[in-house]
Amino acid sequence: MWFGNGDNNTAQSGETLPKQQQQDEEPKKSEDISSILGSDFDPSKLHPLAGLDKEIEYLDLDDEKLNTIQGSSNGILPSRGWGDDMCYGTGAVYVLGLGFGGLQGLNEGFKHLPQPKLDPVTNSLRPVPFKLKLNTVLNQVTKFGPHAGNTAGVMAIMYNIIDSSLDNIRGQHDDWNSLASGWISGALYKSTSGLKAIGISSTVMTIAAASWCGFKRLVAGNNGSSFGA
Amino acid sequence: MSTPEADHSRDPCPIVILNDFGGAFAMGAIGGCVWHGIKGFRNSPYGERGSGAINAIKARAPVVGGNFGVWGGLFSFYDCAIKSVRRREDAWNAILAGFMVGGSLAVRGGRKHMFNSAVTCACVLGVFEGVGMLFSRYMAWANKPVAMPIPDQQGSPLAA
């Protein structure tokens, strides 16, 4: 009220006071900043340096708190260090695994719906109740979804921990780190199942790490920033 | 860039759900490794203790991680949703979010089970919030501003 009303409202207090009382008696429709401060509220006039006229900023992190390892920025989200990398990487991969596993379970559930049985007395097909069908589908979803999500999440944890460790040991991040940590985590995941399984899983994880690197490059290419080799 | 006094220790709302999913999953999986490693070691016969521990970890640690992750992620999701609806941040947000999480996770057990576990979760979160409030108040009391000592009116000790 005291700084927002723009041009029509001057600093003469004799004029503003009755108007203020009049406004207070009006029924309150909605309370947000513009209704409190007046209709022509412009946040950029408050303080030009505060940057209040910007939209909501997602992850606008302070510069001094960011990850300092060279080449570790992924161009998608800023990161404060290995903890952020691990949390976001694991979360994203876990949710993706949960989603895809759930879809697969949905498919399986619809494939194995209970069939209507022949009633021996009336010699007609007994319809399957809806609750039974729903239960079958939900059972399959909750069987496949968490399994895929857990597997993917564990892989992502191992990948991110090994990746951050390699970054810290070498002092820089590049694609070789990602590939090596993918290989190591894949091998570690199947390390009790024999050499063939180790080879398959580490190959798959290396390919996944390579595609992640390619995806980062793609996004960074759009942003115009560059990566370490 | 941003204002220097802005708190960036916690990320803004929609994206923090992923962070909480991952953080809770990692906490559960790593904690599950320790827990089920010890449990599998102790429950195995002599000579197979190492392999018993590894088998227990392989079988159960991801499940613990998944349970933690789903709980934490759903809690963060509901917390953000309630924040955006209520447009304020207080202890009720966490309690309501705990209520919703408890209900959502028990959704297949029927209405009674849903309600019971929702209330249980809300109570647990309420206790957490209450303990947090007590603790912060205790810390504020320990750091309370101290009044300056009143100077002696009868004269300073040096003069006496």
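## Conventions and model

A crossing of two helices is called right-handed if the near helix is turned clockwise from the far one by less than a right angle, and left-handed if it is turned anticlockwise. The model is predicted, with local features needing pLDDT of at least 70 and side-chain atom pairs counting only at pLDDT 80 or more, whereas totals for chains, interfaces and linings use all residues. Residues are numbered from 1 along each chain as its sequence is written, chains are lettered from A and ligands numbered from 1 in the order in which they are written, and side-chain values use heavy atoms, with hydrogens and water left out.

## Chain B overall

Chain B contains four helices and zero strands, which follow one another from the N terminus as α-α-α-α (DSSP runs, H or I of at least four residues for helices and E of at least two for strands, numbered from the N terminus). Of the 160 residues in chain B, 31% are buried (under 20% relative accessible area with a 1.4 Å probe, protein chains only; over 50% is exposed, and in between is partly exposed).

Among contacts in chain B with a separation of 6 or more, 50% join residues 24 or more positions apart (contact being heavy atoms within 4.5 Å). Chain B exposes about 10,900 Å², of which carbon and sulfur atoms supply 67% (Shrake-Rupley method, 1.4 Å probe).

## Helices H1 and H2 of chain B

Helix H1 (residues 13–42) and helix H2 (residues 49–86) of chain B have axes that come within 5 Å and cross at roughly 155° (lines fitted to C-alpha atoms over the stretch in contact, with angles from 0 to 180 degrees between N-to-C directions). H1(B) is therefore roughly antiparallel to H2(B) (over 145 degrees; under 35 is roughly parallel, 65 to 115 roughly perpendicular and the rest oblique).

The crossing of H1(B) and H2(B) is right-handed, and the residues of their contact divide into 21 nonpolar, 13 polar and four charged (Ala, Val, Leu, Ile, Met, Phe, Trp, Tyr, Cys and Pro are nonpolar, Asp, Glu, Lys and Arg charged, and the others, Gly among them, polar).

## Helices H3 and H4 of chain B

Helix H3 (residues 91–105) of chain B packs against helix H4 (residues 111–142) of chain B at an angle of about 155°, with axes 7 Å apart, so H3(B) and H4(B) are roughly antiparallel to each other. Their crossing is right-handed. Residues of H3(B) including B:Ala91, B:Ile95 and B:Phe99 meet residues of H4(B), among them B:Met114, B:Leu125 and B:Met133; by class, this contact has 12 nonpolar, five polar and one charged residues.

## A loop residue in chain A

A:Asn123 lies in the loop between strand S1 (117–118) and strand S2 (125–126) of chain A, and A:Asn123 counts as exposed because its relative accessibility is 58%. The C-alpha atom of A:Asn123 is separated by 65 Å from that of A:Arg217, 94 residues apart along the chain.
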